[in-house]
Amino acid sequence: MSSSYAPFMYLHPYYQSWNVKARLIRSYDIQHVKNGRKIWKMVLLDATVQVIPADNWLRVVQNPYQLNITKETKVLVVDTYVEDFPTYYFNLVSLHGVQSFKHAEGNVIDVMGVVIYASEIESVGPTGTIKQDIVILDQSYFAMRLTIWNHFVDEIGDRVIIDIFQNLILLACGVQVQNFNGSYLTTGKYTRLYINHKDPISSSLAQWYGLDHFAQLKARWIQTRGISLHRTLLTSNACRTTISKFTLMPKGKTYRVLGVLVDIDVKSFDWYDACSICNNKVYYVGDQVTCYKCSKKHSVQVVQGVSVKITIKDSNRSMCLLLFNKQVEFVLQSSTSQLKEWHDQVIHKEIIKTKWSCLFTSYVFILTSPTITSALSSYKVTYVTFVNWEEECAYLLKRVRDKTKTPSKKHRIINVDH
């Protein structure tokens, strides 16, 4: 760089007039503010380091300073290509680390992943707003929902649906982290989306996914799931652990435990009135029915609810779990009304076990480690499903491969541990 131009890395606010030379790599819509003023935000990149010309209340990139273009500023366009200036810049955050940014209000981040799921385009409200949910997966094996809105749907919505099995690489710059039923990403006014961007990290990610059998199996399960997207990602991203290690894991997080069902405590069947929407227990105050989960006090439709305790076991230890409603119906392969009828008719409850073939069947249980430190007599199950043994074997092979792999220099990605 010419000595007459100051590199961005040397800029500071104590001298207010600088000569700089940089490449414009990102431009945003002009905003109208008070007193007829306008703000035009852009990202510039020089030959040494990036800079942020944006106010502090919403940074586009991580830089403590900004450049202000005034009436005295002269802007000259250089048509010739200068190799000293990079053609792109992004500061990637691992999808596994995105949740660490959920309390950073106003912050925007850059992420990259393989597109493994795309919902149909959906109209929201009477104003013509449209949205679409996309799920991306990166080398942390973490799947994350990205909700795109309006013109972003127009840009890539149809393509990600049509080419969902073409291993598209999505680079999302300037997305925001939101938290509703778990962390997810959403587009905003500073977002730019790129499909199959030409850079080494995108190429490396595409090559990894094409060769990683475990990642492909995770994607296939997400694509063929029969449950809500929220529950799908909760199950897919849960940390794998064993029964013996579960109580030692960090509290308040979601875990995946594989175990064999060895006993059903038929004497623990509990019947109660439940909300038809969320299946949680309802409460009566006079003539008023209240569901605290749905925050509804009126027009709550009541259905039959059920819970039961079961015991599962792995190779080292056993534990007691508490199943509710749909979980009970899934494991026992019976409707709640059938279970209630059998339970009321049979005097010797142990006979009920003969009706079920689920005993000594393996299941995957999704559990949230309680925030209290003392051990509980039983743990509530968030979700239960059958074991995909092909995926389990692929995961074990990945573990063996990771332990024997020689550490190598990776691309610069921010990976924030939980």
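Me: Is F214 buried or exposed, and how do I read that from its relative accessibility?

Reply: A residue is called buried when its relative accessible area is under 20%. In this predicted model, F214 has 4% relative accessibility, so F214 counts as buried.

Me: How should I describe a pair of aromatic rings?

Reply: In general, one gives the distance between the centres of the two rings and the angle between their planes. The whole structure holds eleven aromatic pairs. One of them joins Y141 and W208, an edge-to-face pair with 5.5 Å from centre to centre and 75° between the planes. Because Y141 lies in the loop between β8 (129-137) and β9 (143-149), while W208 lies in helix α2 (residues 200-211), this pair ties together parts that are 67 residues apart in sequence. Both Y141 and W208 are buried.

Me: Which kind of pair do Y141 and F214 form?

Reply: Y141 and F214 form a tilted pair, with their centres 5.4 Å apart and an angle of 50° between the planes. Since F214 belongs to helix α3 (residues 213-223) and Y141 to the loop between β8 and β9, the pair ties together parts that are 73 residues apart in sequence. If you look at the rings as a group, Y141, W208, Y209, F214 and Y395 form one aromatic cluster.

Me: Which ring does the charged end of K398 sit over?

Reply: The charged end of K398 sits over the ring of Y141, at 4.5 Å from the centre of that ring. K398 itself is placed in helix α8 (residues 389-404), and, leaving aside neighbours within four places in sequence, K398 is in contact with Y141 and F214. With a relative accessible area of 9%, K398 is buried. The structure has another arrangement to look at, where the charged end of K340 sits over the ring of W271, 5.6 Å from its centre.

Me: How many salt bridges are there, and what is the idea behind them?

Reply: The general idea is that side chains of opposite charge can pair when their charged atoms come close. A search of the whole structure finds ten salt bridges. One of these is formed by D212 and R401, whose closest N and O atoms are 3.5 Å apart. This pair links distant parts of the chain, with D212 in the loop between α2 and α3 and R401 in helix α8, 189 residues apart. On the question of burial, D212 is buried, with a relative accessible area of 5%, whereas R401 is partly exposed, with a relative accessible area of 37%.

Me: Where do E390 and R220 lie, the two residues whose side chains meet in a salt bridge?

Reply: The side chains of E390 and R220 meet at 3.8 Å, taken from N to O.

Me: What does a nonpolar patch on the surface look like here?

Reply: Y283, V285 and Y292 form such a patch, and together they have about 340 Å² of accessible area. Y292 is found in the loop between β16 (288-290) and β17 (302-313), and with a relative accessible area of 55% Y292 is exposed.

Me: How many helices and strands does the chain have, and what share of its residues is buried?

Reply: The chain has eight helices and 20 strands, and buried residues make up 42% of its 418 residues.

Conventions:
Residues numbered from 1 in each chain as written. Predicted model: local features only at pLDDT ≥ 70, side-chain atom pairs only at ≥ 80, totals over all residues. Heavy atoms only, no water. Patch = residues over 30% accessible without salt bridge, like charges linked within 9 Å, V, L, I, M, F, W, Y side chains within 5 Å. Areas by Shrake-Rupley, 256 points an atom, 1.4 Å probe, with all protein chains shown as cover. Salt bridge = Lys/Arg side-chain N within 4 Å of Asp/Glu carboxyl O. Helix = DSSP H or I, 4+ residues; strand = E, 2+ residues; numbered from the N terminus. Buried < 20%, exposed > 50% of the residue type's maximum accessible area, 1.4 Å probe, protein only. Contact = heavy atoms within 4.5 Å. Phe/Tyr/Trp six-rings, centres within 6.5 Å; stacked < 30°, edge-to-face > 60°. Lys NZ or Arg CZ within 6 Å of the ring centre and 35° of its normal.
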